[in-house]
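Have the structure open while you read.

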Amino acid sequence: MTTASPARGTALPWSGLLALSTAAFTAVLTELLPAGLLPRMAPALGVSEARVGFLVTGYAVASFLAAIPVTAALRGLPRRPVLVGTLLGFACADAVVALSSSYAVTFGARLLAGVMGGTMWAMLAGYAARMVPAERRGRAIAVVLAGITLALSLGIPAGTALAGAVGWRTAFGTLSALALLVVVWIRRRVPAFPGELPGARVPLRGVAVLPGIPAVLSVTLFLLLGHQVMYTYVAPFTAYTGYGRTDVVLLVFGAATVVGIWATGALVDRWARPALLGALALIAAVMCVLGLHPGSPAVLLTSVAAWGVAFGGAPTLVQTALVNASGPQQADVATSLQTTVYNAGIAGGSFTGGLALSGWGAGALPWTALPLVAGALTVVALGRRHAFPTGTGAETPRGAGPGAAPPGGHDRPPPSHGRTAAPDRP
């Protein structure tokens, strides 16, 4: 099958990108919805609320373990059928959760959903990158990742409210139906791309050591470690400040992340490096302010808003850097590595924050997060050649133009869109 490259200067393929964004929305909602339904699900499944919480843990562990091996095993298959298969897996898992009265069966369905999640997250950014010319790659990725922000800021509260009105089983049934609708949408509006030909595949270790990839993965780890130290324990820190309204703090943070995603979409394709440096510097500054002035509600809410804006855009900026460093053809494997590092950062940050909280109290949380965020900032500052280049605009590695097939394939882009040599350093 021949797949045409997107022409330079054309409008973004909004329908296809929004379909991918909705897929991301569905995945996040599937992962986190049980957390808001613990009191309702526990009696129906005959277990404690803590064991219902393990449904989220099981999903995360399955996603962590599956991302790299499943992505590597499927990298030779056509991309759209794999993406459709993951959504069908979500639909099946959510339907089982909606119908099951057995905790063991429900837990098994959550493990299946976690495997689907790890596979999907490894695909989405690379898919978006192949749908657009290189100079619009960052904006396309921002559109797709906006589904995560919308799920966190709107989807989870709406899903919880729906469960309160019509029951938690109906909420999961609705989520299953949404996944099926996205399948139809993707089949109609998302282009088909080939998998990697056997002779053109870079080994997993080869992708991991491409110039720029280790630095981007390091930034991912440091950023998530620092972020989770504070975010996981925002409730005790809010109580420590004397404000006590954790719900308001989380609402301010969630609304600010939407602003951050929008701002990043406007900046990422021309000013990616300055935008990422600015975002990380702002997060570091927020940690300093929260550490020095914890007693003022106005300072707390203003700082949290700034933190939300900065963090809202940072994942898009880091993932765009990863795709630029790997090239769209290797993006699925590179993103599977990043998914694993991302989850490790969440787990490590939560653990580190817990140690700081129990050892020194909530006031130590910003000072614990600060050196980790500073580490991410330092790596970006030093990675001006390969990982986070100083030039503006997305750079297209040789042979990695949008929609390009692997070298030697049948879907080579026109000469003006790329060349067929191995991916070069950005």
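R75, R79, R130, P194, G195, E196, P328, Q329 and D332 line the second largest cavity. A cavity is a set of points on a 1 Å grid over the protein atoms alone where a 1.4 Å probe fits but cannot get out, and lining residues have an atom within 4 Å of a point. This cavity has a volume of about 60 Å³, counted as the space filled by probe spheres set on the points. Its lining splits into five charged, two polar and two nonpolar residues. The structure holds three cavities of 30 Å³ or more.

## About the model

This is a predicted model, where local features need pLDDT of at least 70, side-chain atom pairs count only at pLDDT 80 or more, and totals for chains, interfaces and linings use all residues. Residues are numbered from 1 along each chain as its sequence is written, and side-chain values use heavy atoms, leaving out hydrogens and water.

## An open space

Now for the second largest pocket, with about 250 Å³ of space. Of its 13 lining residues, A142, V143, A146, I261 and W262 are the closest to the centre. A pocket is an open set of points with protein on both sides within 12 Å along at least five of seven lines.

Which helix gives the most to this lining? That's α6, with six residues. Helices here are DSSP runs (H or I, at least four residues), numbered from the N terminus. By class, the pocket lining has nine nonpolar, three polar and one charged residues.

How values were computed
Nonpolar A, V, L, I, M, F, W, Y, C, P; charged D, E, K, R; others polar. Helix = DSSP H or I, 4+ residues; strand = E, 2+ residues; numbered from the N terminus.
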